[in-house]
Amino acid sequence: MVNILNIDLTMVDWARAQFALTAIYHWLFVPLTLGLAVIMGIMETIYYRTGSEFWKKTAKFWQRLFGINFAMGVATGLILEFEFGTNWSNYSYLVGDIFGAPLAVEGIVAFFLESTFVAVMFFGWKKVSKGFHLASTWLTGLGATISAWWILVANSWMQHPVGQEFNPDTMRNEMTSFADVALSPVAVDKFVHTVLSAWVLGAVFVVGVSAWYLLKKRHTEFATKSLRVGAVFGLLATLLLMLSGHHSAYTVAQTQPMKLAAMEALYKGGTDQPLTIIAGINPFQQPNYEAADEPPLKIAVPYALSLLATNDIHGYVPGIRDIIDGYTKADGTRELPLDEKIERGKEAIAALQEFRKAKAEGADEATLNSKLSTLNSSMPFFGYGYVDNSAQVVPYIPVCFYSFRIMVGGGCLFVLLFMLIIFWLYKKDVSRARWLLWASLLCIPISYIVSEAGWLVAEFGRQPWTIQDMLPTWVGVSQLGASTVMLTFFLFLILFTTLLAVEIRIMCKTIKKGPQL
Amino acid sequence: MTYAFLQHYWCFVVALLAALLVFLMFVQGANSLIFSLGRNADERRLIVNATGRKWEFTFTTLVTFGGAFFASYPLFYSTSFGGAYWLWMIILFSFVLQAVSYEFQNKMGNLLGTKTFQWLLVLNGILGPLLLGGAVATFFTGSNFIVERNNIVDPLTTPIISHWANASHGLDALLNPWNIVLGLAVFFLARILGCLYIHNRVDDKLLDKHDRIIRPLWSSTILFLGFFLAFLGHILTCDGYAYDPATGVIFMEPYKYLHNLLEMWPLLGLLLVGVVLVLFGILRSLTRKEWKRGFWIVGLGTVITVLVLLLLTAWNNTAYYPSTADLQSSLTMQNSSSSEFTLRTMFYVSLLIPFVLAYIVYAWRAIDKKQITQDEINNDHAY
């Protein structure tokens with residue numbers, strides 16, 4: 001059938017690399033925007049209620065850091081939106097009918113809210129009333145959060161496509177239910193988990209910067225009060241994050257079992273599955289999941305994976321080999337083996353080709369219906385028609401495995417950090433716990449690594465699919481030369497890295513200068 | 001609401017967003033003049049701060065334009081962005097530079113120095129309007145692409161539906177002189193709007209503005225009129241890309257855009273209104289030193305004129321994104337739009353637009369009650 005050798009796979013890799021680069025950079029800035037938005041909103045609310053100049057200046061200081069960070073988030077976000085068209089043009093056509101809508105809603109509903117009120121927030125201190133300014137600060141954060149909602153709706157649809165059907169006349173997927181797309185359980189989970197993770201990062205940032213002032217014995221009142229707001233907010237966000245993480249894992253198990261299997265390096269599944277804490281997986285090589293039953297040096301918590309994935313300690317969790325060979329799901333239905341899915345996918349492609357040909361030749365209704373019937377029965381496997389072998393459908397396990405552990409481990413670390421800070425703030429003198437202050441400072445870079453790890457789990461685990469089970473990456477790309485995309489990759493790499501260096505230095509200088517109290 | 005109505009409606013919304021984007025490129029226009037309007041560091045900073053309070057609107061409108069085009073005409077999105085890769089990449093690159101240049105340039109610790117970022121603003125001020133104008137011109141002049149839906153199931157070819165027909169990936173658009181002509185017209189229009197915005201926003205005492213803007217305003221006006229009228233004359237006399245709704249066939253029709261204007265006479269009236277407003281606003285600003293509303297009058301004229309020009313490329317059975325490589329690959333509202341369901345759903349979302357516009361106006365007025373002064377730059381939040 002379709003010969004994937006016609007596609008320049010090197011170009012596919014560069015297109016993926018460019019999108020990943022942009023998304024990684026974008027995700028360096030967005031979480032801080034989302035997290036700081038709430039924290040500075042809380043601080044300005046205290047100012048509004050108390051009239052205290054101290055809180056006004058405190059809020060203004062964090063807003064200054066917010067502003068430095070905000071511009072880079074906006075800039076990288078612009079590139080991301082248009083890269084769907086520039087690098088993934090086939091994808092844009094095949095699912096644009098569904099995927100474009102959340103992006104348009106994001107622009108109309110969220111971006112304008114954010115961009116309008118961010119200007120009032122920065123420039124309106126002496127121009128608008130206290131109430132209007134406070135509303136602007138919260139509306140800026142709300143705009144950023146609504147924006148996250150819609151982009152995560154779009155992303156969740158790629159993880160778990162719902163509310164659409166394929167139209168053989170237009171040769172694309174078309175939306176049948178906006179509510180199914182916008183309120184999909186995967187989208188709700190992803191939004192809650194992602195935004196909470198951003199709040200945690202914002203809290204760690206505030207805690208870390210405040211700790212630095214205490215270490216330097218500067219602005220101690222400002223630092224102690226910021227530390228209190230950051231730690232309490234951070235602890236609440238982290239606890240909620242853990243709850244949402246459990247729910248997300250359950251959803252992943254139901255909708256993307258291969259992703260869960262890769263996250264766990266679960267080669268051969270079964271009932272009563274333990275959750276791996278750590279195992280000896282070579283980070284630079286795809287493990288031999290065909291030969292081994294489990295990775296070496298595995299330390300695990302009994303039954304925990306079954307509980308996480310099925311809400312039942314005896315629940316069945318499929319491993320990579322089970323997914324390739326086929327298995328029986330909890331509801332008794334049979335998940336087809338990969339070979340059969342590939343065959344059905346090729347049938348769907350052939351039926352679609354025959355339908356198009358018959359229609360062009362003016363075939364009668366009965367003939368067309370017969371082709372359509374074949375197409376519809378095999379359509380759920382359409383994407384598999386472009387797959388040749390099992391190695392293509394298994395994500396790169398080491399990245400998924402280690403990223404997942406970094407993400408979960410980081411979450412646990414932050415709970416501990418926030419609890420310790422709150423303890424020292426209320427029971428002792430936190431400025432004397434220098435080890436804790438240093439740990440808080442160190443947690444700033446760690447929080448970024450943890451945050452990026454979460455993104456890597458979500459996106460690497462989806463591979464090789466642009467849209468889960470529907471469209472592999474090599475069918476979603478634009479027709480470009482590998483050298484063209486490689487060149488823009490390096491241009492963006494140089495540009496983003498230079499700007500990141502400038503931003504970090506400006507941030508450090510601004511922090512060093514401190515709040516103007 | 002019929003499918004045809006929704007296709008026309010979304011074409012209108014996208015064209016309106018594009019028209020607003022052209023108006024909002026006053027930010028780019030003023031930035032391209034940073035070094036000629038601002039004669040010292042303080043004056044340059046004043047100009048940067050004047051446009052710096054509005055750059056987000058331009059940026060957001062660009063993003064929303066992209067999102068709305070994607071949602072309503074996904075085949076255009078995939079064909080144009082995936083095909084004219086280099087053209088769009090250069091545009092995007094320049095906008096990234098703009099986004100950070102405001103925030104970073106006067107901050108302590110800026111590794112690259114203030115002037116570097118000001119020159120990046122100038123670069124965006126030139127490339128943004130020039131290339132976006134050139135890209136818009138291709139709606140009249142055509143682009144070098146091929147669309148073949150059957151590729152997705154053809155075992156003998158790549159399963160990619162649309163692609164550029166040569167290796168230039170969009171740079172060939174810059175070889176068509178008419179694309180350059182419209183690009184230059186948009187560039188000089190942006191400079192006109194930029195001059196008028198500075199006149200409107202910055203405290204008189206600071207720049208002695210009217211005297212300062214008069215020269216670039218005159219030169220930009222003359223050049224804008226030359227390029228714009230040449231382009232208008234060209235499109236009203238050239239063959240256009242027509243579409244037969246009965247057969248779906250696309251064909252060349254002499255004087256197609258002139259016919260469109262005459263057959264959709266309200267658009268002709270609007271075009272005249274738009275052009276008159278632009279000319280009136282410019283001329284009155286040139287002759288009345290104390291009159292500062294030129295920015296709004298010319299801005300309104302710009303939105304109306306650009307809106308009409310864009311609607312001419314799509315309404316009245318016209319192929320809005322013509323292919324010079326394969327005429328039948330040309331995109332029309334009918335063959336490239338989203339499904340009726342998606343367009344209808346998005347229609348309901350678009351009812352929020354008046355509400356969005358209302359709060360933008362409210363916030364804009366709140367921020368712009370007074371002109372920008374040196375005192376504000378020194379003692380309040382400033383770039």
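Analyst: Of the 517 residues of chain A, 56% count as buried (20 or more other C-beta atoms within 10 Å of a residue's own, with C-beta atoms placed from the backbone). The model is predicted: local features need pLDDT of at least 70, side-chain atom pairs count only at pLDDT 80 or more, and totals for chains, interfaces and linings use all residues. Residues are numbered from 1 along each chain as its sequence is written, while chains are lettered from A and ligands numbered from 1 in the order in which they are written.

Chain A holds 16 helices and eight strands (DSSP runs numbered from the N terminus: H or I of at least four residues, E of at least two).

Now the part itself: helix 2 (residues 53–86) and helix 3 (residues 89–123) of chain A. Their axes come within 11 Å and cross at roughly 160 degrees. Axes are lines fitted to C-alpha atoms over the stretch in contact, with angles from 0 to 180 degrees between N-to-C directions. Helix 2 of chain A is therefore roughly antiparallel to helix 3 of chain A (over 145 degrees).

Helix 2 of chain A contributes residues including Gln63(A), Gly67(A), Phe70(A) and Phe84(A). From helix 3 of chain A come, among them, Tyr91(A), Leu103(A), Val118(A) and Met121(A). Contact requires C-beta atoms, placed from the backbone, within 7 Å. The contact residues divide into seven nonpolar, five polar and one charged. Ala, Val, Leu, Ile, Met, Phe, Trp, Tyr, Cys and Pro count as nonpolar, Asp, Glu, Lys and Arg as charged, and the others, Gly among them, as polar.

Terms used
Parallel < 35°, antiparallel > 145°, perpendicular 65-115°, else oblique. Contact = placed C-beta atoms within 7 Å. Buried ≥ 20, exposed ≤ 12 C-beta atoms within 10 Å, placed from the backbone.
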